[in-house]
Every structure is written in C-alpha cells, then in structure tokens.
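Morning, everyone. Please have the viewer open and turn the model as I talk.

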Amino acid sequence: PRTAQSNKRGYLTFAKSSSPNSRDTQIFINFGSNSYLDKQGFTPFGKVRGEGMTVVDDIYPIREKPSQGRVKHEGNAYLDKDFPECSKIVRVRVLTEEEAALQAPPSEHPPPPPA
C-alpha cells in the first residue's frame, strides 16, 4: 500500500508490524528519511511544526533498546530502572486552531485571502 505522505524527517507515524491492520497505539517521530516504510503501510498522520524538531533532537536517543514487551507490561518501572536517562513526555496540550496559528512561525502562516 502506498501512503499519501512519505515518512520524512519530522513526520509522526503510528507503529505497526508489516502485517495488515496491525497498527498499535505507539507513535514515533521520523528523525530522518524513512521512505522505505511507505511501502509497508506506515502512514504519517502529523508533522512536528516550526522549530519543534530542535526540541525533538534533544530527546535522549534510546532508539530500539528497551524491550517493547516489557514496556507494555511493566511500564515506567522497567524504564526507570533500566533506562533512567530515557526522556519522557509528562504533559501534552492540544492547541486550538487559533492557538496553533499564533504559535506557527511566519513561514507556516497561511497567505491572506485575495482582496
């Protein structure tokens, strides 16, 4: 299956196996070009906006080291014990469209409507 958007740097994608209909609740951010995932049905659904990738680049590069099965069953207790340097998301806030527009850099502001 082809995807509408390629897995390029800064795009968010749901994790899945190579099997159809196997999408999970785990999300990852593409740190580089991962276009090889496009053919496997990994469809990006969002993008880190503006200067947000400078923050993402500061996330501890834990990569694929933790056991996903242990994370699923043991959660933060496993990560805190075996990967204390692991970055964590402690709070998320969804912005309204108006708030997002105010925080977007000028290059991402939509052009004014024609007069």
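Start with strands E1 and E3. E3 covers residues 44-47, and E1 pairs with E3 in the antiparallel sense, over three bridges. Find tyrosine 11 for one of the contacts: its bridge partner in E3 is lysine 47. Bear in mind that this is a predicted model.

Now the other neighbour. E1 and E2 also make three bridges, again in the antiparallel sense. Here leucine 12 has isoleucine 29 of E2 as its bridge partner.

Which residues of E1 are on the covered face, and which on the uncovered one? E1 runs over residues 11-14. Tyr11 and Thr13 make up the covered face. Leu12 and Phe14 make up the uncovered face. The general rule is that side chains in a regular strand alternate between the two faces of the sheet.

Step back to the whole chain. It has three strands and four helices. What is the order of the elements from the N terminus? It reads β-β-β-α-α-α-α. The chain has 115 residues, and 20% of them count as buried.

Asparagine 21 first. Look in the loop between E1 and E2. Is asparagine 21 buried or exposed? Its relative accessibility is 83%, so asparagine 21 counts as exposed. Glycine 41 is 20 residues away from asparagine 21 in sequence, with 9.4 Å between the two C-alpha atoms.

Second, tyrosine 60. This one sits in the loop between H1 and H2. Tyrosine 60 counts as partly exposed because its relative accessibility is 30%. That value falls between the limits: buried is under 20%, exposed is over 50%. Which residues does tyrosine 60 touch, once those up to four places away in sequence are set aside? Glu85, Cys86 and Ser87. Take cysteine 86: along the chain, tyrosine 60 and cysteine 86 are 26 residues apart, yet their C-alpha atoms are separated by 5.8 Å.

Third, arginine 70, in helix H2. Arginine 70 has a relative accessibility of 34%, so it too counts as partly exposed. Leave out neighbours within four places in sequence, and arginine 70 is in contact with Gly75, Tyr78 and Asp82.

As a reminder, rolling a probe the size of a water molecule over the atoms shows where empty space is left.

The largest pocket has a volume of about 2600 Å³. Its lining counts 48 residues, and the closest to the centre are Ile27, Phe28, Ile29, Ile59 and Ile89. Isoleucine 29 has come up already, as the bridge partner of leucine 12. Which elements each supply at least two residues of this lining? Strand E2 (27-29) does, and so do helices H1 (52-56), H2 (68-74), H3 (76-82) and H4 (97-103). By class, the lining of the largest pocket holds 26 nonpolar, ten polar and twelve charged residues.

How much space lies in the second largest pocket? About 190 Å³. This second pocket is lined by 14 residues, and Lys16, Arg23, Gly41, Phe42 and Thr43 are the closest to its centre. Glycine 41 is the residue whose C-alpha I placed 9.4 Å from that of asparagine 21. The lining of the second largest pocket divides into seven polar, five nonpolar and two charged residues.

That's my tour. Questions, please.

Technical notes:
Residues are numbered from 1 along each chain as its sequence is written. This is a predicted model: local features need pLDDT of at least 70, side-chain atom pairs count only at pLDDT 80 or more; totals for chains, interfaces and linings use all residues. Side-chain values use heavy atoms; hydrogens and water are left out. On a 1 Å grid over the protein atoms alone, a cavity is a set of points where a 1.4 Å probe fits but cannot get out, and a pocket is an open set with protein on both sides within 12 Å along at least five of seven lines; lining residues have an atom within 4 Å of a point. Grid points are joined across faces, edges and corners, and a volume is the space filled by probe spheres set on the points. Ala, Val, Leu, Ile, Met, Phe, Trp, Tyr, Cys and Pro count as nonpolar, Asp, Glu, Lys and Arg as charged, and the others, Gly among them, as polar. Buried means under 20% relative accessible area, exposed over 50%, partly exposed in between (1.4 Å probe, protein chains only). Contact means heavy atoms within 4.5 Å. Two strands pair if DSSP finds at least two bridges between them.
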